[in-house]
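Please have the sequence and the 3D view ready.

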Amino acid sequence: MSLRIADIAPDFTAETTHGPISFHDWLGNSWGILFSHPKDFTPVCTTELGYMAKLKPEFDKRNVKIIGLSVDPVERHAGWADDIAETQGHAPNFPMIGDPMLAIAKLYDMLPATAGDSAEGRTAADNQTVRHVYVIGPDKKIKLMIAYPMTTGRNFDEILRVVDSMQLTAKHRVATPVNWRQGDDVIIAGSVSNDEAKVLYPEGWKQPKPYIRIVPQPHSNA
């Protein structure tokens, strides 16, 4: 199956370093980030897992659950976690899925159906397409998908920024412009008529073009 933004994130059951889970039940009413790795004990992924563990308190504040996946059995993850703690200063503090039968990697279209049903004997290069980030909303729909090459580390500060944007725009009828960060001005969504905008923003807005209406970021409690 081919996944797209706004599709329901496929549900699955799996063994993780925090015990067995059913993915949708585990998400509950939270946002979620699922990010995948082609194999344990790979260098770039080691740096990513350590940094994500460091950043986890920021995602916690935003009601975002984090879960990793590696195409290796769960029992191998513990040894990798020790290496991550030693080299990065932070061990994974979120569940890590074991996917030794490649079932979830194939379910999420990260590997083709012809990849077989065992991680045994497969190298990281064989699994190089298992380097995705999925942001999933409380409605279980995919909000963001990014795939990275093996040689380029992921930017999880950017993922945090995108979560801030998506949570803001899910609550308010606005969009965020290029390189937006918390506190920056936003754009009134195109679905909002000028008459509606006058009610929502009685102080008015900047309008360099008829289709660009700029206002201060709405307060979270607005």
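This is a predicted model: local features need pLDDT of at least 70, side-chain atom pairs count only at pLDDT 80 or more; totals for chains, interfaces and linings use all residues.

Residues are numbered from 1 along each chain as its sequence is written, and side-chain values use heavy atoms, with hydrogens and water left out.

W26 also belongs to an aromatic cluster, together with F12, F23, Y108 and Y134. How many aromatic pairs does a search of the whole structure find? There are seven, where rings of Phe, Tyr and Trp (its six-membered ring) pair if their centres lie within 6.5 Å, and planes under 30 degrees apart count as stacked, over 60 as edge-to-face and the rest as tilted. The rings of F12 and F23 have centres 4.7 Å apart and planes at 10°, so this pair is stacked. F12 lies in the segment before β1 (13-14) and F23 in helix α1 (residues 23-27), so the pair ties together parts that are 11 residues apart in sequence. Helices (H or I, at least four residues) and strands (E, at least two) are DSSP runs, numbered from the N terminus. Both F12 and F23 are buried, meaning under 20% relative accessible area, with exposed over 50% and partly exposed in between (1.4 Å probe, protein chains only).

Now move to F41 and W80, a tilted aromatic pair with 6.3 Å centre to centre and 40° between the planes. F41 lies in the loop between β3 (31-37) and α2 (43-61) and W80 in helix α3 (residues 74-88), so this pair ties together parts that are 39 residues apart in sequence. F41 is partly exposed, with a relative accessible area of 38%, whereas W80 is buried at 1%.

Next comes α2, whose 19 residues reach 29 Å from first C-alpha to last, close to the 27 Å expected at 1.5 Å a residue (1.5 Å times one less than the number of residues). Where does a kink lie in α2? Look at L55, shortly before the proline P57, where the kink is about 45°; the bend is the angle between axes fitted to the seven residues ending there and the seven starting there. L55 is one of the buried residues of α2, which also include C45, L49, M52 and F59. The buried residues of this helix pack against β3, β4 (64-70), α3, β5 (96-98) and α5 (156-171). After α2 comes N63, whose phi is positive, near 60°.

In the loop between β4 and α3 you will find D72, which counts as buried at 4% relative accessibility. Leaving aside residues up to four places away in sequence, D72 touches K39, D40, H77, G98, D99, P100 and A119, with contact meaning heavy atoms within 4.5 Å.

Finally, step back to the whole chain, which has six helices and 11 strands. Of its 222 residues, 45% count as buried. The domain assignment gives domain 1 (7-152) and domain 2 (172-215), with bounds from an automatic or database assignment. Their centres, taken over C-alpha atoms, are separated by 36 Å.
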